[in-house]
Amino acid sequence: MTFLAYRVEETEQGIQAAWQTLNDDDLPAGDVLIDVAYSSVNYKDALSASGNKGVTRAYPHTPGIDVAGTVLASNDPQFKTGDEVVVFGYDLGMNTAGGFGQHVRVPAGWVLHKPQTLSMAQAMAWGTAGFTAALSLQKLERAGIRPDAGPVVVTGATGGVGSVAVALLAKQGYEVVALSGKPEQENFLKGLGASRVIGRDEVLALKGKAMAKPLYQAAIDTVGGDLVSALIPQIQPEGAVTTCGMIAGVKIEASVFPFILRGVSLLGVDSVEIPLADKQAVLNKVADAWQLPQLEGMTTEIGRSELPAVLAAILAGQGVGRYRVNLQ
Ligand code: NDP
């Protein structure tokens with residue numbers, strides 16, 4: 001069968017991308033062939049679509065690290081034709097043709113059963129960014145962070161991970177401080193439930209300090225670099241900081257003092273390579289106890305023609321909220 005895919009190619013003029021007609025035979029070998037209804041746009045997709053070799057080694061390539069769709073064919077008994085499924089992470093969209101194509105073929109070990117209480121469209125409003133926000137909150141709660149014990153600050157707050165983190169924390173009753181480089185999005189962030197919006201400069205002013213006034217119980221950091229470095233000394237005793245991203249830098253500068261004098265924990269979050277059972281657990285949780293009705297209002301659904309512009313905006317740090325791609 002033929003289908004449309006957003007193919008990124010290396011040419012003499014540089015990286016070029018266009019929707020092309022492909023055949024199922026062009027897809028890699030795998031157990032489950034999926035008819036993709038929706039994908040979503042994440043920062044990693046913007047890197048892959050712009051030729052970043054740290055994400056995608058070889059082109060031509062179809063990016064898209066998220067998929068919600070219907071099984072067309074399966075040689076694994078766990079999945080049958082017509083099943084609604086979700087795939088996120090592992091190698092999807094990195095070096096395996098991903099969700100910016102109407103068909104994908106993947107190993108059965110990557111495929112999640114979609115809970116009935118979550119539509120395919122809702123699953124892709126969450127997408128990798130949203131699941132990462134949920135995994136971050138899960139890590140904080142396992143570290144003892146509680147709604148009544150002080151504010152939680154979220155960096156990159158208007159971005160995919162950040163915006164869902166703000167909304168999810170607020171829904172669970174946390175006082176949320178949104179840290180954003182987009183002051184014009186204050187109303188958006190307060191609408192998600194942030195009680196206060198602060199700029200990057202307010203935090204960066206404390207860069208280099210070993211210890212500072214402990215303003216926050218915890219942080220969900222999505223950007224890395226100087227911002228998280230400056231936040232760690234501002235965390236309350238026995239507080240915690242999750243780290244998942246590197247848009248602001250891959251290096252963290254910290255003294256040991258917040259860790260040894262205040263018992264602060266630094267918690268890494270990986271949504272890509274965690275066991276399938278852990279992915280299924282987080283998918284089930286957002287379909288149930290952590291349902292987020294306001295997610296639809298913070299998600300922009302785009303068609304195929306709008307994908308290049310959204311990828312460019314995300315690469316430039318200008319995305320706001322979540323972007324779902326309708327592949328039909
Ligand atoms: P988005 O592009 O949607 O959001 C990133 C946000 O970060 C921007 O909207 C902006 O928010 C802020 N930002 C951009 N540039 C800078 C900068 N130079 N300094 C400080 N802040 C900046 O990305 P995602 O939410 O999809 O991903 C966020 C990060 O998390 C990425 O690095 C991504 O690779 C990583 N990630 C990791 C995962 C994992 O499993 N570990 C899974 C998913 C994502 P604002 O203007 O509001 O400050």
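Two strands count as paired if DSSP finds at least two bridges between them. With that in hand, here's a quick tour of this predicted model: six strands make an open sheet with parallel pairing, and a ligand sits among 32 surrounding residues.

**The sheet**
- Reading across, the strand order is β10-β9-β8-β11-β12-β13.
- β10 (196–198) and β13 (265–268) are the edge strands, so to speak the two ends of the row, as each pairs on one side only.
- Going from one strand to the next, the twist averages 20°.
- Strands of a sheet pair through backbone hydrogen bonds, and that can be parallel or antiparallel.
- For a parallel pair here, look at β11 (residues 216–221) and β12 (residues 235–243), joined by five bridges.
- Within that pairing, Ile220 has Thr242 of β12 as its bridge partner.
- Helix α2 packs on the sheet and touches β11, β12 and β13; the direction of α2 makes about 150° with that of β12.

**The ligand shell**
- Of those 32 residues, the ones that come nearest to the ligand are Gly156, Gly159, Ser180, Gly245 and Gly317.
- The elements giving two or more residues to the shell are α1 (43–49), α2 (120–142) and α3 (160–171).
- That puts α2 in both stories: α2 packs on the sheet and also gives residues to the shell around the ligand.
- Sorted by class, the shell has 15 polar, 13 nonpolar and four charged residues.

Conventions: Residues are numbered from 1 along each chain as its sequence is written. This is a predicted model: local features need pLDDT of at least 70, side-chain atom pairs count only at pLDDT 80 or more; totals for chains, interfaces and linings use all residues. A residue is near a molecule or strand if its C-beta atom, placed from the backbone, lies within 6 Å of it. Helices (H or I, at least four residues) and strands (E, at least two) are DSSP runs, numbered from the N terminus. Ala, Val, Leu, Ile, Met, Phe, Trp, Tyr, Cys and Pro count as nonpolar, Asp, Glu, Lys and Arg as charged, and the others, Gly among them, as polar. Axes are lines fitted to C-alpha atoms, for helices over the stretch in contact, and angles run from 0 to 180 degrees between N-to-C directions. Two residues are in contact if their C-beta atoms, placed from the backbone, lie within 7 Å.
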